[in-house]
Amino acid sequence: MPSSESPGATYYASPDGGGDGRSSSSPFHIADFWRVASPGDSLLLLDGRYVGAGSMIQPPEGLSGTPDRPITVRAANDGQAEIDGEAQRVPVHFRRNDHFALEGVNAHHGSREVVALYHSNHNAVRRICAWEAGDHNNGNCFAVHYGEHNLFEDCAGWGTSRKVFTNSQGGNHTTYRRCWGRWEGCHVVGPKMTYSLFYNSHHILAENCIGTWDARRMVETHVVLRNDGRAPYVSSRGSRRYYHPLTIAGYGVDQPYGIFAMDANNKYGWDQTTIGPSVYGCIAYTLPAQKLDRFIGLYFVKSTAPDDGYLENCLALRSPGSQGSVGSMFSLTNCRGRSLTAVGECDR
């Protein structure tokens, strides 16, 4: 039966703005949309480069769609609306915003993250390219923190970032579908990976995703920085603080875990059982032309409970002549696998 609800309104935004937003010939700024947006409404972004506070995709806290009437923000022409954070702002930042759809936008040069979802649930991010997260402040290209049931579909991420795709601290039930990522560089302390399959989170699904690693953005010699960009980094034991100036040479990377990998599940009171991840039909690869240091494994999943994680129909490809050292193509602990194919050799 046809819906009895009327279709939502469509508004238009452009880099210059200045109009009432009700037609493509009279667009307003992105920030003007939030005061009129209701469930079911759509904002079409006209072609161009969007800069400045009023042109970031940052809904006010609490603005949400509904399950059957999401609020949609999409490029009028895929790939032609460019949200540039200029390393000063987060281009896409949801905070307590549910039931949004974001489609067809390019976003880059975030002050920390590029596409970030905090305390936000049931959002769909489709056909988004994101690159150049903050290098010196724990940046990620795509990130979900404290939010559940979010989808990343047909997305691509690359450039500087500690992780390209990540979900953490309750970023549960996150799905990555047909995504591509390439890790390229980061100079802060902490594990590095293209896809973080869990970090104090559970029920993570990766389907038909592709990942690779090319440390082309690493400087030859660097001091490992703290997550706030300062050096040296600090750890604490009780009331004592320990300073660890660590210099890495030879284009090396601090804690390069792998392409499809994980962080821990043992902090902040979260259950240490990951309940996942599930990885289907994914490809992790390295090429001779790419700059690598070392890996634990192209796939590195270490769960804390038996049979807590599952991989199926996945490929690990290390092309002949690839740089660096790889401990294992599939380094799996408490994680089952079926139809896993390794092409190439590891170093032990």
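This is a predicted model: local features need pLDDT of at least 70, side-chain atom pairs count only at pLDDT 80 or more; totals for chains, interfaces and linings use all residues.

Reader: What makes the contact between Glu103 and Arg127 a salt bridge?

Author: The side chains of Glu103 and Arg127 come to 3.7 Å, N to O, and the cut-off for a side-chain nitrogen of Lys or Arg and a carboxyl oxygen of Asp or Glu is within 4 Å, so the pair of Glu103 and Arg127 counts as a salt bridge. The two residues belong to distant parts of the chain, Glu103 in strand β7 (residues 100-103) and Arg127 in the loop between β10 (124-126) and β11 (129-131), 24 residues apart.

Reader: Why is Glu103 called buried, and why is Arg127 called partly exposed?

Author: Glu103 has a relative accessible area of 16%, and buried means under 20%, so Glu103 is buried. Arg127 has a relative accessibility of 35%, and partly exposed covers the range between the 20% limit for buried and the 50% limit for exposed, so Arg127 is partly exposed.

Reader: How many salt bridges are found in the whole structure, and what does the one between Asp84 and Arg49 tie together?

Author: The search of the whole structure gives 19 salt bridges. In one of them, the closest N and O atoms of Asp84 and Arg49 are 3.0 Å apart; because Asp84 lies in strand β5 (residues 81-84) and Arg49 in strand β3, the pair ties together parts that are 35 residues apart in sequence. Asp84 is buried at 7% relative accessible area, whereas Arg49, at 45%, is partly exposed.

Reader: How do you know that Arg217 and Glu184 form a salt bridge?

Author: Their closest N and O atoms are 4.0 Å apart, and the cut-off is within 4 Å, so the pair of Arg217 and Glu184 is counted as a salt bridge. Here Arg217 stands in the loop between β20 (210-213) and β21 (222-223) while Glu184 is in strand β17, 33 residues apart. Glu184 is buried, with a relative accessible area of 3%, and Arg217 is partly exposed, with 36%.

Reader: What makes β13 and β16 paired strands?

Author: Strand β13 (residues 151-153) and strand β16 (residues 175-177) share 3 bridges in the parallel sense, and pairing requires at least two bridges, so β13 and β16 count as a pair.

Reader: Where do β14 and β17 pair, and over how many bridges?

Author: Strand β14 (residues 156-160) and strand β17 (residues 180-185) pair in the parallel sense over 5 bridges, with Gly185 in β17 as the bridge partner of Thr160. Both strands are in an open, parallel sheet of 10 strands, ordered β3-β5-β8-β11-β14-β17-β20-β27-β30-β33, whose edge strands β3 (48-50) and β33 (341-343) each pair on one side only.

Conventions:
Residues are numbered from 1 along each chain as its sequence is written. Side-chain values use heavy atoms; hydrogens and water are left out. Helices (H or I, at least four residues) and strands (E, at least two) are DSSP runs, numbered from the N terminus. Buried means under 20% relative accessible area, exposed over 50%, partly exposed in between (1.4 Å probe, protein chains only).
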